[in-house]
Amino acid sequence: ALTSTTKGEGSSTYPKQIRIGYQVSPNGELLAKALGLAEKKFAGVQVKWIKFDAGRDVNVAMTSGAIDFGMVGTPPAANGISQGLPYQIYYIHDVIAESEALIVKNGVGITNLQGTQGHKIATTFGSTSHFSLLSALKQAGINEKSLTILDIPAPEILAAWQRGDIDGAYIWQPTQSTLIEHGGNVLLTSKDVAAKGGITGEVGVVQKEFLSKYPNVVKDYISVLDEAVQEYRAHPQSASVALSKELGLTVAQSLKAMNEIIVLDALQQTEAAYMGSPDKPGQFGQLLKDTGDFLVEQKTIKSSVNLASYQKALRNDLYPVK
Amino acid sequence: MRPAISVKEKPKHSRSIARKGVHPYIYRGISASAVIVAGLLWWLISSLHVVSSLFMPSPAEVWAAFLEIIKDGYKGETLLGHIGASLWRLFVAISIAFVTAVPLGILCGRFRWLQAIFDPFVEFYRPLPPLAYYSLLVLWFGIEDTSKILLLFLSAFAPLFITSVYSVQRVPKDRISGATSLGAKGWSLYIYIIFPSCLPDLLTALRTAVGVAYSTLVAAEMVAAISGIGWMVLDASKFLRSDVIYVGIIIMGVIAVLIDVLIRSAMHKWCPWTEQS
Amino acid sequence: MRPAISVKEKPKHSRSIARKGVHPYIYRGISASAVIVAGLLWWLISSLHVVSSLFMPSPAEVWAAFLEIIKDGYKGETLLGHIGASLWRLFVAISIAFVTAVPLGILCGRFRWLQAIFDPFVEFYRPLPPLAYYSLLVLWFGIEDTSKILLLFLSAFAPLFITSVYSVQRVPKDRISGATSLGAKGWSLYIYIIFPSCLPDLLTALRTAVGVAYSTLVAAEMVAAISGIGWMVLDASKFLRSDVIYVGIIIMGVIAVLIDVLIRSAMHKWCPWTEQS
Amino acid sequence: MMIATPTFTSHHSEPVHANRSTQIIVDQVSLTYRPAWEEPVLDQINLELEQSELVCVLGPSGCGKTSLLHILAGYIPPTRGTVRINGKEHKAPNSSVGVVFQHANLFPWLSIAGNVEFGMKMKGIPKPLRKEKAAHYLQLVGLQEAASKLPHQLSGGMKQRAAIARTLATDPSIVLMDEPFSALDALTRESMQIHVRELWAKTQKCIMFITHDVDEALLLSSRILIMHARPGRIVQDFRNPLYSENKARNFNELRADRQFLELRESLLSHIASV
Amino acid sequence: MMIATPTFTSHHSEPVHANRSTQIIVDQVSLTYRPAWEEPVLDQINLELEQSELVCVLGPSGCGKTSLLHILAGYIPPTRGTVRINGKEHKAPNSSVGVVFQHANLFPWLSIAGNVEFGMKMKGIPKPLRKEKAAHYLQLVGLQEAASKLPHQLSGGMKQRAAIARTLATDPSIVLMDEPFSALDALTRESMQIHVRELWAKTQKCIMFITHDVDEALLLSSRILIMHARPGRIVQDFRNPLYSENKARNFNELRADRQFLELRESLLSHIASV
Ligand SMILES: Nc1ncnc2c1ncn2[C@@H]1O[C@H](COP(=O)(O)OP(=O)(O)OP(=O)(O)O)[C@@H](O)[C@H]1O
Ligand SMILES: Nc1ncnc2c1ncn2[C@@H]1O[C@H](COP(=O)(O)OP(=O)(O)OP(=O)(O)O)[C@@H](O)[C@H]1O
Ligand SMILES: NCCS(=O)(=O)O
Ligand SMILES: [Mg+2]
Ligand SMILES: [Mg+2]
């Protein structure tokens, strides 16, 4: 359900309220939230930030119309597009590198991926981390049945770790740093997995109806994100200070986490490796298609649509043309 | 043939009163002692550090957490705010359940064909674990209060509806006949005779309904909540704040007892004639 | 003086039988029609695509999902495996609850001081939302079956315990007196008189206990489960597999009804004397 | 099965109250409960009740006494035949036919006064008048003290008196009573019988009184009906010989009377023989 | 309050069964329920019951009849005084004192035969013998047909007979009955009275029989006790003049007897006067 509209600045119509579903990921969107950039841009409009623990919860919220914008990883995005969720991708926030990793407990005696067999590894099902873990196992030729993979939401992984319920976890920031702090070792990162083809990223999605009703709002929000990414790159030090509050990490840890992902500004979206342009679609559609197919193979999701459908869900017509 | 003195209307013997007069204090004392002993055991175990305070914080820690929450609230909301949010959801859900389930139940109790229509649906969803259909509610009604309240509403609806039906069917036929012979008919019959006849049962059902809804309160606050006492306990458990978990559980227990006392005293006040039996 | 013919032992009139003989078919027919109409409405709405199949998959889709799960299982476990995992947890929990709550309850019913010891604890935890203390159970007993079964056990324990206490106290004093006059004493009294006297109540309590435990089944399978019908529904909801959610809910409803029928037929078989009233 | 008893005078052959107006005419009433092919419960009942009669109905259990009463009250329609009250066909319960049940059947949530006022409230009588009339009827049954109590605070006899007051308060032209005292103990019952007899004398209502108790019938009634079962029918209908002559005699005197004992024995054997 | 009735012969002044052995001696028994400062319920009861007596106890409600029976059964200890049965002090219930209650009080989960066997099972009597004896006692009360039925399948009178058989099957030296027939309808009650009278003749047990029904007491007993209330005490203790002379007369004859009617009237007024 979309909220009623009100006249905003200029001639463009603004809704009374913009609801943004975000995740705690050390990217430009989180910085925009931390710096209040959206509030500045949409003065007079209520900007509501709603936190989610994983992309699957964002999907549910998008489906039920509870939020206008959302952020999901590529696997939940592939699932959402395949299932015809009422949203489209308007932005690629980042490509994941070391920010998601398989952390194992010291002293359990796991030294490589093979060693995880017979152990309990936690991750959040349907997420980028789950995808990377399954990809890594497949790349190493390990049967996923030979270990116990547990579905635990990110915020609860530390608790399970401390209680001794799990031996390791494939998870993102800030949980990852916290686990390392509590006696964990990095065994493998998403950068390693991506190098062998299992690329993951985080994208912004928007309600289709919202987009057609308020294209300018989406464009304005893209400019907010762009502004955030510029700030992110230009002043990493001050950005990390702002982000550390959102992440619940120290400034140093935050800075490190920022370096573990590749954030993209608005201009980069149109590059061939990413969204591309309306007349020259980028490779991101194929990435989503591959992701979706892998998930189907793993029986994580039911079905995957064809490439054209994925490409149709990518809105590369919203960026300022240079 | 025939009893010389009929025994049907024996005066109620005072024996039970005599018995109850003296003893309860003893038993209350025993109960109180048991609670105190349990408290001491708690204190002892936690102060001997037999188990980590992660698993069992000491009474002192729990008390400190309680004071802290009273002072600073929990994650952006005061304690009263959390309690208020939960009770508000409960209250709205129960109220809607009452004003829908009771009239519908009364009608179904009077007209069996109507009951036959609703019965299969109520009987089917009633035993379902609320969390099973909560997924659907969230999908249909979003992640905000609507779906939470609906979940509580649905768990409260069934007991109220079923009791209303049953209660109407139990209204003595003679009472309704008698009322019609005194000139009651149509709506008067429902308002002046059937509803008050069912009232004691309805209040009992309300007790059950509140109990059932209360027990789904935490489940309702599981999805995308940022307030509510149930959410507080869940959130605390994610961060292993066992002291806060204890505080939350104790508060929830106390609230449950208070609500029950409230409903029982309403029953006592509004339906004094049901007490004796 | 006094009635020429006493009326106390009126023969039971055949009226109710006469009434019941003809009508139920009509009402069953109405119920069946209502279900069919609801099914048609479902089919109609979903086939007109008024709402997205994400919210309301068509009967055909649900059926297809059912067949698929039957064939391939759901995420690494057969359908029977999921159902079995859930029912096993339920069965173990209920069994332990029965063999602990009933003897303890019977003893508490006989000795009020013992009841006074246990009462405050049971009364405190009983109304608590299971998810509230599930956090603690997970803390203490980990994320595996132990804590799941304990959660189900705790929800089943209270109704069984409370009914046992109440039931023993309701055993007619004359029955116990009578048995002692026939030479029963000590354990014989418990085994031959008190337990069978309570049996009908205990079976009713078992019904309640199973119901309550069943309604926490999904909650129990919420934490780090990879099997169980409740987990299946939850997992499906995370991936927006509404067809699987529907399948799961329908299966859970059917199982609930079957369990209830089972217990009721046990009551019918073991306690025929409680039927009439 | 018809027993000719010299002391009984048939009502029909020799009308007792020829001068009184007829209140109820039961005309060829039959009743069959579902299923329709079963034997009728009541078979072609004909009956006329007149003003200021107190008719006691005696009969074995299950002979259809309550069914007849329910038809007269309008609770169930007869399968065949009609009931006319004061000339009009009677089809639904209304306040012109009052009913007193075996159990007082008071509304437990209303005070005694509230119960007595109920019928008047339904009639739309304004509150002050209601209060006044209720007080009057409560006084009539000796319950003025208990007016503000709730029914559960009263004894069985008091409850039954309140029920009678409640029925009388709507000023019905006929009062039907279905074993109203059979749930009371012997002493209370006796005092209730005296009460009813007095009330009847004062109000001159037409009362139909179902009872199992032969003594009660003999002590109270001006006329006695005896019903037999399968199918239910009235097999005896006679004026109570103890009545007209002994209007003023008290119950104890009556009981000691030889005629009373003889009648009693004869009625008993008559009923038991069924 | 002591009413001198010429037809009553005091038991104590003129012992009836001087030749029989004394079964129960109640010696100065008093009873006060908690709280202890309340008026005693039973006040210094002295009583001797002898073999093959059938003693009926009459008295107003609440006078302590049931309390006395409970003391005799051993259910509650007297506050003061002692009860001796066959010379030994009786302190706890056992199968030498059988009790029959107002409601049959059968174990609903056992068949009728199972109920009758129960006492013998408790005594450890082997199964075949138990079966045999149970059959005997069921025959005695005319229930051989119903042996395998569950109690809820029986009528009230049959249940009460089963209860009597169950009590007799443990061969008690005394049987206490607390208004055993007051919940039965008139006809069943009468047949039960005949049953008890016959059983008593056959078994020659000492029976103490509490009743509210003066007729019942007169028809059944060899001796009648009348109790008064507050505090409960025995105010009359006399042999039933109708008994010894009329052992063989049937109830209907007895009822027509002038002496019966006179005794009845006198006892009634005696009890009602309290
Ligand atoms: N609603 C009913 N449906 C079917 N049969 C009925 C119904 N009510 C009464 N009967 C049958 O009709 C017959 C007469 O019943 P009714 O209650 O009128 O007798 P009664 O003379 O009042 O008996 P009692 O003295 O026991 O009150 C009985 O055989 C009874 O079983
Ligand atoms: N367990 C008890 N505790 C306290 N008082 C009691 C108890 N049992 C009986 N009483 C009181 O003792 C008195 C005698 O009671 P009891 O039941 O012996 O009388 P009863 O003669 O058998 O009366 P009824 O004819 O009504 O059966 C009554 O006043 C009663 O209230
Ligand atoms: N880090 C992204 C998490 S998810 O959106 O893929 O669940
Ligand atoms: Mg009747
Ligand atoms: Mg008694």
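Throughout these legends, a contact means heavy atoms within 4.5 Å. The model is a predicted one, in which local features need pLDDT of at least 70, side-chain atom pairs count only at pLDDT 80 or more, and totals for chains, interfaces and linings use all residues. Residues are numbered from 1 along each chain as its sequence is written, chains are lettered from A and ligands numbered from 1 in the order in which they are written, and side-chain values use heavy atoms, with hydrogens and water left out.

**View 1. Which chains meet, and which stay apart.** Let's start with the overall arrangement. No contact joins chain A and chain D, and their closest C-alpha atoms lie 48 Å apart. Chain A and chain E also have no contact, with closest C-alpha atoms 50 Å apart. Of the 7 pairs of chains that touch, chains B and C have the most contacts.

**View 2. Chains B and C as a pair.**

**View 3. Helix α5 of chain B against helix α2 of chain C.** Helices here are DSSP runs (H or I, at least four residues), strands are runs of E (at least two), and both are numbered from the N terminus. The axes of α5(B), residues 112-125, and α2(C), residues 24-47, come within 8 Å and cross at roughly 50°. That makes α5(B) oblique to α2(C); angles under 35 degrees count as roughly parallel, over 145 as roughly antiparallel, 65 to 115 as roughly perpendicular and the rest as oblique. Axes are lines fitted to C-alpha atoms, for helices over the stretch in contact, with angles from 0 to 180 degrees between N-to-C directions. Look for B:W113, B:I117 and B:F121 among the α5(B) residues, and for C:Y27, C:I30 and C:V35 among those they meet in α2(C). By class, this contact has 10 nonpolar, 1 polar and 1 charged residues. Ala, Val, Leu, Ile, Met, Phe, Trp, Tyr, Cys and Pro count as nonpolar, Asp, Glu, Lys and Arg as charged, and the others, Gly among them, as polar.

**View 4. A helix crossing inside chain A.** The axes of α4(A), residues 74-82, and α14(A), residues 284-297, come within 9 Å and cross at roughly 85°. That makes α4(A) roughly perpendicular to α14(A). On the α4(A) side you will find A:T74, A:P75, A:A77, A:A78 and A:I81, which meet α14(A) residues including A:F284, A:L288 and A:L295. The residues of this contact divide into 8 nonpolar, 3 polar and no charged.

View 5. Most residues other than glycine have a negative phi, and most peptide bonds are trans. In chain A, the peptide bond from A:Q173 to A:P174 is cis, with omega near 0°. A:P174 sits in the loop between β10 (168-171) and α7 (175-181) of chain A. In chain C, C:L240 has a positive phi of about 55° although it is not a glycine. The place of C:L240 is the loop between α11 (229-238) and α12 (242-270) of chain C.
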